[in-house]
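Dear colleague,

Please find below the structure that I am handing over to you. My notes on it follow directly after.

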Amino acid sequence: MRQGSGSGPCPDSHTAQAGQAGPRGGLRALCTPATLTGGLTELAWVGAHVLMYPLGTRTPALRLDPRRRPGEQPAAVRALFAADPLAARIPVLLVHGLVDNRSVFSVMQRSLRRRGFAHVCTWNYSPLLTDVARGAADLGAHLERICRQTGYDRVHVVGHSLGGLIARYHVQRQGGDDRVASLVTLGTPHQGSVLAHVGPTPLIRQLRPGSRVLQELAEPAPGCRTRITAVYSDLDQMVLPTGSGRCDHPDLAARNVLVHGVGHMSLPRHRAVVDEVAVTLAGHRDAAALPDVETTAVA
């Protein structure tokens, strides 16, 4: 993501106070070059994902590679970890969304490893899952296994769509902040999605605005240790209204990052989003010091 000022075909990112950054509205916003490009990119990624989906049905075993350390990486990679030298070695768990599997993270997993993260793993929860709380408990059990295998006490989690909500529930409602050092959500319906009203299953009903699960997440969460960053897009076709992708909770001090022109399935694969995830996990993003961010994604 570029830092700077000015306007043009690719506006630079800028910071804004919490609550001020929001998706652009109206028909005019749907006709911008960034939005049209993002829509075509989304279609291409959906097609590619359909082909890759069968390859991601099995959760692979965690591969430990003790040789992967920032000191052995190029200078540009090592610079990522100047703020937190241990960041590259803390395990990173990628959690997919609804009716999906780990294949959605094919690009992100490879990119994070290239950036020097030593242990990047994925997890498939059951396709028959009917309850967010049950999924969160299963996630907690998997986090315990990762900690036993790696010897680390805490894990970074990146969740796409429903995966982010499952992880947040575990952090807030099940004591998961003991294990989750930081949580980055991508296109997660933190405030629900009106599209969930067309879904008849118990799990989809929990994604409706005002559902029991979302009411639980709105309850106080004092002392939560997990740093939360919510990345959301004004072109998200699944999280509607798109502002529902923000995580606004007074006890979480979450940092919200708005990207323009990136579709729902493109979020885990887009270069600017992957860059944001990398620098966040490397400790270069502080929710207290850096408020909400708005950026036009550059392919």
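**Backbone exceptions**

Ser 161 counts as buried because its relative accessibility is 12% (buried means under 20% relative accessible area, exposed over 50% and partly exposed in between, with a 1.4 Å probe and protein chains only). This is a predicted model, in which local features need pLDDT of at least 70 and side-chain atom pairs count only at pLDDT 80 or more, while totals for chains, interfaces and linings use all residues. Residues are numbered from 1 along each chain as its sequence is written, and side-chain values use heavy atoms, with hydrogens and water left out.

Ser 161 is not a glycine, yet its phi is positive, at about 55°; the residue sits in the loop between β4 and α6. Helices (H or I, at least four residues) and strands (E, at least two) are DSSP runs, numbered from the N terminus. Ala 253, in the loop between β6 and β7, likewise has a positive phi, of about 50°, without being a glycine. The loop between β6 and β7 (255-260) also holds Pro 241, and a cis peptide bond with omega of about -5° joins Leu 240 to Pro 241. Most residues other than glycine have a negative phi, and most peptide bonds are trans.

**Nonpolar cores**

A nonpolar core is a set of buried Ala, Val, Leu, Ile, Met, Phe, Trp, Tyr and Cys residues joined through side-chain atoms within 4.5 Å. The largest has 36 residues, of which Leu 93, Leu 139, Val 157, Leu 162 and Ile 166 touch the most other members. Helix α5 gives the largest share of this core, seven residues. Beyond its neighbours within four places in sequence, Leu 93 is in contact (heavy atoms within 4.5 Å) with residues including Trp 123, Leu 139, Ile 146 and Val 157. A second, separate core has 22 residues, among them Leu 112, Val 184, Val 277 and Leu 281.

**Packing of α4 and α9**

Helices α4 (residues 106-114) and α9 (residues 271-281) pack with their axes 10 Å apart, at an angle of about 45°. Axes are lines fitted to C-alpha atoms, for helices over the stretch in contact, and angles run from 0 to 180 degrees between N-to-C directions. The two helices are therefore oblique to each other (under 35 degrees is roughly parallel, over 145 roughly antiparallel, 65 to 115 roughly perpendicular and the rest oblique). Met 108, Ser 111 and Leu 112 of α4 meet Val 274, Val 277 and Ala 278 of α9.

With kind regards
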